[in-house]
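Here is a short report on a protein model. Look at the structure first, then read on.

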Amino acid sequence: MFSDEIRTIQKLGVRYVVLQVLNFTQVIISGLMIWKALGIVTNTESPIVVVLSGSMEPAFYRGDLLFLMNPRNTPYVVGDITVYKVPGADIPIVHRVIETHTVGPLPTDQSLLTKGDNNRLDDLELYKGLRWLQRKNIIGKVHGFLPYVGYVTIAMNDFPQLKYALLGFLGLMALIQRES
Amino acid sequence: MPRKKVAATSTAPEQQPEVVQDPLDPVKVNNANLVELKLALDDSVRRYFSRPDQFRTNNTHSNVRIGLGVASVLVGTGTGLYGWKTEFEASKMIVTIGVLLYFLLTALQTAYTYFIEGKTIFVGKRKTLVNRIETETITLSSETKPAPTPTSSPSYSLILAYLRSSHGGKTLIKRNNLSQAKDYVNFFDSEGTLDEGAFIAWLRDLSTSLIDGATSPINDPDSVPR
């Protein structure tokens, strides 16, 4: 199956292979750099997240894609939908702010309490010992969303073979195609 | 020529040797894809002009592309690793610098390929010792010219520039420029197989007229007096 490609490589030499591999690597690294740039611009480490649970229904459903930003100098208000990570937990949680208290000189020094719209109780049990969330636990607040698109990520996490198959296929395509 | 494979324990009376690489291996492309047609002819041009009896390939263009590309990949990988290992707030400054540097290097690489390399497909040099060392430089560029009418076919246009100089390029001895286009149908059949013999014959004619027709600038009425 690869005999044509191997013959082409033999004919054109190492330089061709180097350029193809470089091309492929640059595509991957460009994606990474765009992600990092987006994070810098929105001031958050994960500018795009996927909703994993149904605790914010009917606002967000499992599989929705959320766009986050973390404005530096604006305090959070009740009603903001925030994504936060409790220290010691890996998974970020998307819930709504139901209480805010200013605890320092700046308006952005805040303690927050959150609750999922679809949950009966507030998030105190999820805070793993903390009584309030601090600003530094918050990854960002939601300013936009796309329904269903996140299911691709959920599928790839539940079936890792799918992830490797997709990456393998994209890699193959990038290595075989020659740009004009 | 078809490939013949030999079985290790064959009892056949005649055993054909296995052909490892067939020098007359036909090049086959998708006839409908203009990019593939051009790339196939470009490759053939490079194969012909980089032959040992022809010119020595000058790899500057691809070296610059590779250099800038490798630099950008290293910067990008470094930035990614740093951002992964460090806390977000602390890493912001360096990640911003890394990202900007990456996009700058990639932009430089793209600008070089578009503006400086452009349509060039081959640059070659050849040194001959006459009374002094004379260097011949050949620069080949190609482009696809679309079909002028719906019933004609697109053509491959080759632009050749030839320079003969000495004393490290300071003295110009001879120069010539030539350009010719030929329809792709002349070289590819309906299956998409390249008739490399016909193409090389065309290249040979062009390079002969290019080199034989080179004039020295003193006799060239269009040249600027030195």
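## Where the chains meet

Across the interface of chain B and chain A, the rule finds seven residue pairs in polar contact, both residues at pLDDT 80 or more. A polar contact is a pair of N or O atoms within 3.5 Å; within protein, one must be able to donate a hydrogen and the other to accept it, and residues adjacent in sequence count only if both atoms are side-chain atoms.

On the side of chain B that touches chain A, the elements giving two or more residues are α1 (34–49), α2 (60–85) and α3 (88–117) of chain B. Helices (H or I, at least four residues) and strands (E, at least two) are DSSP runs, numbered from the N terminus. The largest share, 13 residues, comes from α2(B). By class, this side has eleven nonpolar, 14 polar and eight charged residues. Ala, Val, Leu, Ile, Met, Phe, Trp, Tyr, Cys and Pro count as nonpolar, Asp, Glu, Lys and Arg as charged, and the others, Gly among them, as polar.

## How the model was read

This is a predicted model: local features need pLDDT of at least 70, side-chain atom pairs count only at pLDDT 80 or more, and totals for chains, interfaces and linings use all residues. Residues are numbered from 1 along each chain as its sequence is written, chains are lettered from A and ligands numbered from 1 in the order in which they are written, and side-chain values use heavy atoms, with hydrogens and water left out.

## Strands in chain A

Strands β3 (residues 81–84) and β4 (residues 93–102) of chain A run antiparallel, joined by four bridges. Two strands pair if DSSP finds at least two bridges between them. Val83(A) stands opposite Val94(A) in β4(A).
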